Amino acid sequence: MKIILICQQSLQNHSIPAYSFWEKYFKRGIEEAGHEWFEVEGVDWAEGLVYLEEKALNQWKEYAWNLTISQIKKLHQAESIDILISYLFPTQVEPSAISEIQSLGIPCVNFFCDNVREFTSIPKSFYCFDLHWVPEYKALNMYKQAGLNFVNAPMPVWIPPNQKTYNHPENYGVSFIGSRDAQREALLAKALSLGAVIDIRGPGWSSSKEINSSLLTKKQNLWNSAIEQKKILSEKGLLFLLWKITYKLRPTVPDNLFEDFIRETVFGTKYVEVTQQSMITLGVNRYPSYRYPFFKPDTYSRLRDIEAPMMGACYLTEWTEGLEQLYDLHEEIEVYRTAEEMVDKIRRLQSQPEKRKRMRYQCQKRALTEHTIAKSITKIQTALGLTK
């Protein structure tokens, strides 16, 4: 197939959470699947995530989508494009532009991977797509209720051939790679207090100031605070307000608790090395949200649930609904539900070198066989009737 690809490509670095790796994963995965991708030249898609002011966002959308339609028309005439695959957030979508592309006979598919975290219902700007690529099992009901077409396919991950190995030396201990947030902080603090030794790599672990400023509102006077609480109560309901209070009242975790466990943040080849060569690579699927009480967080399957097994890691992650669809639990990957269970599974795996080696082989085989971008594109082709 010939695919127009929009996946947060950028023309410069933006101060937004990690996004650049998606471009590599999508492009290389499409090539590995034997398809051809095209992209719109001169459009900085990630820039569309930067603007908070409506006027600036609309100006970006007008420029980006006008250029996109113009180039797709020319490309389609020369190359006969089969499909458009995008990874767009709701504010980046211009439904009239998608409609114009569809009028050329090009079906449009949008991938989105934070449905569970970001939405309680599917945003109206997503309704224009022909099909949705939904990786989170927990999000499927939202698409069903909206009456939208979707395929449940894994997060798009691609790794180069030289990383498709599993017989790794174990040069690191138990490793968690990821930024600090209120839920990860509480979970790992509990695990450490139970005696686990976990190497922690990622932003924010040396100071809680960053997560406090992002999660909680700034100090306000009583009048402004009362106005804000009334607005939240009206828009999001009493439970949202109550669960927000549970975050404010959560036990303080001192920064020095993590001091002995923080390791250098890793990127690129070092990230791969630590993931592959850790005795156990740890995943955390809970996330901070005022839609749930702090003491009972929600979970959903994350990118690492595909990425770590593909790299041949010995992978222990937090159980969430739908993981059974991806792996044979306890054989290909191990799971935990609480900090206590995490520590218990760590100790068991540490004493079972043969099981660790077996898990590395089995989970990688499963991921590289069933969870590839090639398999996902085949699902999309079938759903849209594009198979020849």
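The structure is a predicted model, in which local features need pLDDT of at least 70 and side-chain atom pairs count only at pLDDT 80 or more, whereas totals for chains, interfaces and linings use all residues. Residues are numbered from 1 along each chain as its sequence is written, and side-chain values use heavy atoms, with hydrogens and water left out.

Helices (H or I, at least four residues) and strands (E, at least two) are DSSP runs numbered from the N terminus. Helix H2 comprises 26 residues (residues 54-79), and its end C-alpha atoms are 36 Å apart, which agrees with the 38 Å that it should span at 1.5 Å a residue, the expected span being 1.5 Å times one less than the number of residues. Among the buried residues of H2 are Trp60, Lys61, Trp65, Ile72 and Leu75. The buried residues of this helix pack against strands E1 (2-6), E2 (36-38) and E3 (83-87) and against helix H3 (95-102), where contact means heavy atoms within 4.5 Å. Serine 80, which follows H2, has a positive phi, near 55 degrees.

Isoleucine 72 and isoleucine 4 are 68 residues apart in sequence, yet their C-alpha atoms are 7.9 Å apart in space. Lysine 61 is likewise in helix H2 and is buried without a salt bridge, the nearest side chain of opposite charge, that of glutamate 94, being 4.1 Å away.

A salt bridge requires a side-chain nitrogen of Lys or Arg within 4 Å of a carboxyl oxygen of Asp or Glu, and a search of the whole structure finds 24 of them. One of these joins the side chains of arginine 286 and glutamate 318, at 2.6 Å from N to O. This pair links distant parts of the chain, 32 residues apart, with arginine 286 in the loop between strand E9 (278-282) and H11, and glutamate 318 in strand E10 (residues 315-318). Arginine 286 counts as buried because its relative accessibility is 12%, and glutamate 318 is buried at 2%.

Within helix H11, arginine 304 and glutamate 307 lie 3 residues apart, about one turn of the helix, and their side chains meet in a salt bridge of 3.7 Å, N to O. Arginine 304 is partly exposed at 22% relative accessibility, whereas glutamate 307 is buried at 5%. Aspartate 305, also in helix H11 (residues 304-310), is buried yet has no salt bridge, the nearest side chain of opposite charge, arginine 302, being 7.3 Å away. The side chain of aspartate 305 instead makes a polar contact of 3.2 Å with that of threonine 317; such a contact is a pair of N or O atoms within 3.5 Å, of which, within protein, one must be able to donate a hydrogen and the other to accept it, and residues adjacent in sequence count only if both atoms are side-chain atoms.

Notes
Buried means under 20% relative accessible area, exposed over 50%, partly exposed in between (1.4 Å probe, protein chains only). Lys and Arg count as positive and Asp and Glu as negative; His and the chain ends are not counted.
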